[in-house]
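Hi everyone, thanks for making time today. Please have the viewer open, and we'll walk through the model together.

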Amino acid sequence: MGIKRMVGLEKMGDYVEFYGHLSELYRLAKEGKIKTALQGSHTRPCKFWTAMKIVSGIKNAIVITHGPSGCAYGVKQAYKLTNCRNSGSMYEPVITTNMTEKNVIYGGENELKGAILEVDKKYCPDVIFVATSCATGIIGDNVDAVVEKVRNEISAEIMPIHCEGFAGEYRSGFDLVFRQIADLMDPPTPESRAELADTVNIVGGKMGPERTEVDTDVKELIRLIEGMGARINSVIAGNCSLAELKRAPSAAVNCALCLDIGYAIGTEMLQTFGTPLNSTILPYGISATENWLRGAAIHLKREKEAEALIQEEYNSIKAELEETKKHLAGKLAIVEGHDAVKALAIVHMLERDFAMRPVIFNFHPWSTEARKTSIDYLLETGLDPKILITKGTLAFGKYESMRQTEEELLNYLGGFDPQATVYFGSSLSFPQIPLVDLNAILNRPRFGYRGALKVAKCIKTALDYASRPRSWMTKRMVFPENAGGLASAQSLTNKLAQDLPDCTVYAQRGKGRCSMS
């Protein structure tokens, strides 16, 4: 329901931009009746950055950024170093042609050729990616011609990636690279299909992979696949090799890790090589995990093995999960919506598996276009969660919670019961509401059956300890006095952020009063 039609909630019009179901927000966005554009302070990374996020997930690959040195620094700092730290891989350098004002005027093709030859000789990579920047896109350097001239002079495979930032938005970089790396793959043969008939590719990974996926989520999915007698060929592009990419089309099925990001490479491989695609929402919770496993099993011809695995896995957590769920049913769950794909998957778990009442908060209308695949999937499964978008979300350019949006949410909740409400978001947010930070769960998977139990127990713990006192100093650090109303958790230094609470945060002391007020 739209804001003007809410019964008894007219006063919310002062701070609420939209309150209603996802399907209505989706319809309003399609009809142009609600703004979906991102203002400057809301903007996401450009096409260059998201393209590099995928390329950085391929092992023994060197990225040559054809542009100013600053672009290479960003790729190294944000992706390559993180990838190596997360996965334990050897560091792989990021090279730049270090374009200057002179190159912008006269061109940088000679510098690019020299860089390619030097990289091949010095590092002996499996593949070299030449990534264009805004500067090279504007001046029109013929990168493709340079690559073709040196292709026979080097040992590595080489691929130009036209990802200049001004040429596309956030999502387009993911799709570009995922579709393009299919060119590195070998067409399947009867022999290769027979050899890999029991294998799966997990597609939609990035950065090699995310921090919380290293020893938890991805490995849990691999464990489940292997549990029904199948094998993993590759996680694309989550620390995969060129050899794995080459044989990937011969696998029995591609299973999407992320429905939206994995959809591009999944559909490209389906259309080009005929590799089947199992595309579901992120496997948070029991229902989503079972759909993910059953979809894979069909193409692996292991339906009986999958059902046996599903029963075994559920039985291993059943007693604890069923007991925990008794304390969750009917509780209100506020899910931070700035990561739309994750928020939709979490809502699916909370409603389907735990019988909670989820509301997605700070879900920017832009996401209705950018995350169309996930939204369509969720609505088709019969779920239509409530969405709350406050004016602070749109006005101040932050997806994560901040002082304004916290006050707006507390106004929306009114006299809420701290033992019946839980907030899914950053540990630095909402000191007045019991909180679960899924990104801080590092010692257990969040996906699959064990992940469902872990999340359920975190929710219960947060609710059980809603009256646990916390130091007033925490609130002073998160919301310093005299900060002009713009202070937020994100203003903390990295050191302070590391020292603040882990995955479960407790907020109230006694009944109804915040210990940090």
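Let's start with T324, whose contacts, meaning heavy atoms within 4.5 Å, include A456, K457 and K460 once neighbours within four places in sequence are set aside. T324 lies in helix α14, residues 303–325; helices here are DSSP runs of H or I with at least four residues, strands are runs of E with at least two, and both are numbered from the N terminus. Its side chain comes to 2.7 Å from the backbone oxygen of E320. Is T324 buried or exposed? T324 counts as buried because its relative accessibility is 7%, where buried means under 20% relative accessible area, exposed over 50%, and partly exposed in between, with a 1.4 Å probe and protein chains only.

A quick word on the ground rules. This is a predicted model, so local features need pLDDT of at least 70 and side-chain atom pairs count only at pLDDT 80 or more, while totals for chains, interfaces and linings use all residues. Residues are numbered from 1 along each chain as its sequence is written, and side-chain values use heavy atoms, with hydrogens and water left out.

Now the whole chain. The protein chain has 22 helices and 15 strands, and 57% of its 517 residues count as buried. Among contacts with a separation of 6 or more, 77% are between residues 24 or more positions apart.

Next, the sheet. It is open, with 4 strands in the order β7-β6-β8-β9 and parallel pairing; two strands pair if DSSP finds at least two bridges between them. At the edges sit β7 (231–236) and β9 (277–278), each pairing on one side only. Helix α13, residues 285–300, packs on this sheet and touches β6, β8 (253–256) and β9. The direction of α13 makes about 170 degrees with that of β8; axes are lines fitted to C-alpha atoms, for helices over the stretch in contact, and angles run from 0 to 180 degrees between N-to-C directions.

Let's go through the pairings. Strand β6 (residues 199–203) is joined to β7 by 5 bridges, and I202 is opposite V235 in β7. Between β6 and β8 there are 4 bridges, with N201 facing N254 in β8. Then β8 and β9 share 2 bridges, and N254 is opposite L277 in β9.

Which way do the residues of β8 point? V253 and C255 point one way, N254 and A256 the other, and all are buried. As background, side chains in a regular strand alternate between the two faces of the sheet.

Over to another threonine, T132, in strand β4 (residues 127–132). With 3% relative accessibility, T132 counts as buried. Its side chain reaches the backbone nitrogen of C163 at 3.0 Å. Beyond four places in sequence, T132 touches F48, H66, V143, I161, H162, C163 and E164.

Last stop, the cores. A nonpolar core is a set of buried Ala, Val, Leu, Ile, Met, Phe, Trp, Tyr and Cys residues joined through side-chain atoms within 4.5 Å. The largest one has 117 residues, and F424 and I459 touch the most other members. A second, separate core has 16 residues, including I62, L112, I128 and I158.

Note on methods: Polar contact = N/O pair within 3.5 Å; in protein donor to acceptor, adjacent residues only side chain to side chain.
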